[in-house]
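Visitor: I'd like to go through this structure with you. Can we start with the ring contacts and work outward?

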Amino acid sequence: MNSVSNRRSHQAAPTPITASFEFFPPKSDKMAETLWNTVQRLAPLHPSFVSVTYGAGGSTRERTHKTVERILKETDLAPAAHLTCVGASQEEIDGIVKDYWDLGVRHLVALRGDPLEGIGTRYTPHNNGYPYASDLVSGIKKIANFDISVSGYPEKHPESGSWQTEIDNLKRKVDAGADRIITQYFFDNDVFDAYLDRIAAAGINIPVIPGILPIHNFEQTMVFSAKCGTSIPQWLARRFAGLSNDPETRKLVGVSVACEQAMDLVDRGINDFHFYTMNRADLTYAICHMLGMGQSEQKGLAA
């Protein structure tokens with residue numbers, strides 16, 4: 001058995017660890033201030049890109065656009081704007097895509113999107129819209145040569161009746177021109193390995209970036225996980241048991257769990273991660289520091 005010191009994650013990685021961060025558009029001035037503090041805190045880690053989500057039915061369309069615009073104008077970060085098929089015609093979506101290109105955005109995250117009524121309800125395509133994410137990817141590529149990320153589900157999308165359906169849908173998005181797959185978050189790395197095997201067997205060979213969720217609130221994570229199809233292992237529930245009213249310990253456990261997961265993925269050969277930040281910098285920054293991101297800059301400042 002290898003000693004801890006021989007673990008790949010405890011050595012200088014031959015390939016640098018990279019990461020991207022996901023934010024959601026703020027709903028108030030106070031939330032906007034929190035988000036901007038988070039952006040400034042994480043910027044020195046030099047993420048490969050930062051994505052900004054898009055609410056169900058385009059409910060945050062304007063706020064998403066304004067957030068992306070501010071990141072583009074006031075930072076050196078590369079923003080990736082989320083775009084969905086829900087609640088808009090092809091003409092409207094094409095207009096948004098063109099506006100982003102004119103603004104200087106070169107990366108879009110193309111998603112089908114959640115139904116207007118929310119996760120768990122039946123999705124119905126817009127009469128004059130792009131029906132599914134693969135159609136959206138194809139439509140975007142016809143407008144301009146955007147870098148396009150799409151979603152992947154290591155435990156299947158809740159609406160996929162079988163793995164064949166899941167992988168066929170993913171392959172349609174890739175064949176339409178997707179450049180990378182960003183996965184829904186998961187907590188069992190064996191599940192991610194099995195997912196990579198399924199993707200490889202289907203002949204899909206674009207990069208797959210594992211989504212990592214640092215847990216700030218376990219109860220909320222359980223609720224959302226049930227809706228999006230992410231399983232909660234018993235060992236994970238045990239780690240957060242009894243911490244509902246202990247935010248400081250909960251934060252330490254959250255960092256520990258996510259670091260353990262990320263380090264294990266590094267040991268398995270993964271060098272790129274996508275963090276769902278929940279617009280908070282503390283846990284994500286600590287995890288990225290443990291992975292060695294941004295340390296060269298810090299050494300220079302300390303010299």
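Guide: Let's start with a charge over a ring. The charged end of Arg41 sits over the ring of Tyr285, 3.7 Å from its centre. Keep in mind that this is a predicted model.

Visitor: Which residue lies over the face of Trp36?

Guide: Arg70 does, at 3.8 Å from the ring centre.

Visitor: Now ring on ring. How many aromatic pairs are there?

Guide: The structure holds nine. Take Trp163 and Tyr195. Their ring centres are 6.2 Å apart and the planes meet at 50°, so this pair is tilted. The pair links distant parts of the chain. Trp163 is in helix α5 (residues 163-175) and Tyr195 is in helix α6, 32 residues apart.

Visitor: And Tyr195, buried or exposed?

Guide: Buried, because its relative accessibility is 0%. Trp163 comes out at 22%, so that residue counts as partly exposed. The cut-off for buried is under 20%.

Visitor: What about Phe218 and Phe240, how are those rings arranged?

Guide: They are stacked, with 5.1 Å from centre to centre and 5° between the planes. Phe218 lies in helix α7 (residues 218-228) and Phe240 in helix α8, so the pair ties together parts 22 residues apart in sequence. Phe218 has 5% relative accessibility, so it counts as buried. Phe240 is buried too, with a relative accessible area of 3%.

Visitor: Which residues do ring pairs link into a cluster?

Guide: Tyr185, Phe187, Phe224 and Tyr276.

Visitor: Let's zoom out. What's the overall make-up of the chain?

Guide: The secondary structure comes to 11 helices and eight strands. The chain has 303 residues, and 48% of them are buried.

Visitor: How much of the contact set comes from residues 24 or more positions apart?

Guide: Such residues account for 77% of the contacts with a separation of 6 or more.

Visitor: Now the inside. In the largest nonpolar core, which residues touch the most other members?

Guide: Ile181 and Phe273, out of 66 residues in that core. Helix α9 gives the most to this core, with seven residues.

Visitor: What does Ile181 touch?

Guide: Leaving out residues up to four places away in sequence, its contacts include Val150, Leu170, Val174, Tyr195, Ile199 and Ile209. Tyr195 is the buried ring from the tilted pair.

Visitor: Where else is there a core?

Guide: A second, separate core has 17 residues, among them Ala80, Val109, Leu111 and Ile215.

Visitor: Back to α9. What span does that helix reach?

Guide: Helix α9 covers residues 247-267, which is 21 residues. From first C-alpha to last it reaches 30 Å, close to the 30 Å expected at 1.5 Å a residue.

Visitor: Which of its residues are buried?

Guide: The list includes Arg250, Val253, Gly254, Val257, Ala258, Gln261, Ala262 and Leu265. There's a general point about spacing here. An α-helix has 3.6 residues a turn, so residues three or four places apart point the same way.

Visitor: What covers those buried residues?

Guide: The cover includes helices α6 (189-201), α8 (234-240) and α10 (282-290). Strands β7 (208-212) and β8 (272-276) are also part of it.

Visitor: What comes just after α9?

Guide: Gly269 is there, with a positive phi of about 100°.

Visitor: Which residues take a positive phi without being glycine?

Guide: Lys156 is one of them, at about 75°. Met278 is another, at about 55°. As background, most residues other than glycine have a negative phi.

Visitor: Where do they sit?

Guide: Lys156 is in the loop between β5 (147-152) and α5. Its relative accessibility is 23%, so it counts as partly exposed. Met278 is in the loop between β8 and α10.

Visitor: Last one. Where is Thr124?

Guide: In the loop between β4 (107-111) and α4 (133-143). Its relative accessibility is 58%, so Thr124 counts as exposed. Thr124 and Gly87 are 37 residues apart in sequence, and their C-alphas are 9.7 Å apart in space.

How values were computed. Residues numbered from 1 in each chain as written. Predicted model: local features only at pLDDT ≥ 70, side-chain atom pairs only at ≥ 80, totals over all residues. Heavy atoms only, no water. Helix = DSSP H or I, 4+ residues; strand = E, 2+ residues; numbered from the N terminus. Expected span 1.5 Å × (residues − 1). Buried < 20%, exposed > 50% of the residue type's maximum accessible area, 1.4 Å probe, protein only. Contact = heavy atoms within 4.5 Å. Phe/Tyr/Trp six-rings, centres within 6.5 Å; stacked < 30°, edge-to-face > 60°. Lys NZ or Arg CZ within 6 Å of the ring centre and 35° of its normal. Core = buried A, V, L, I, M, F, W, Y, C linked by side-chain atoms within 4.5 Å.
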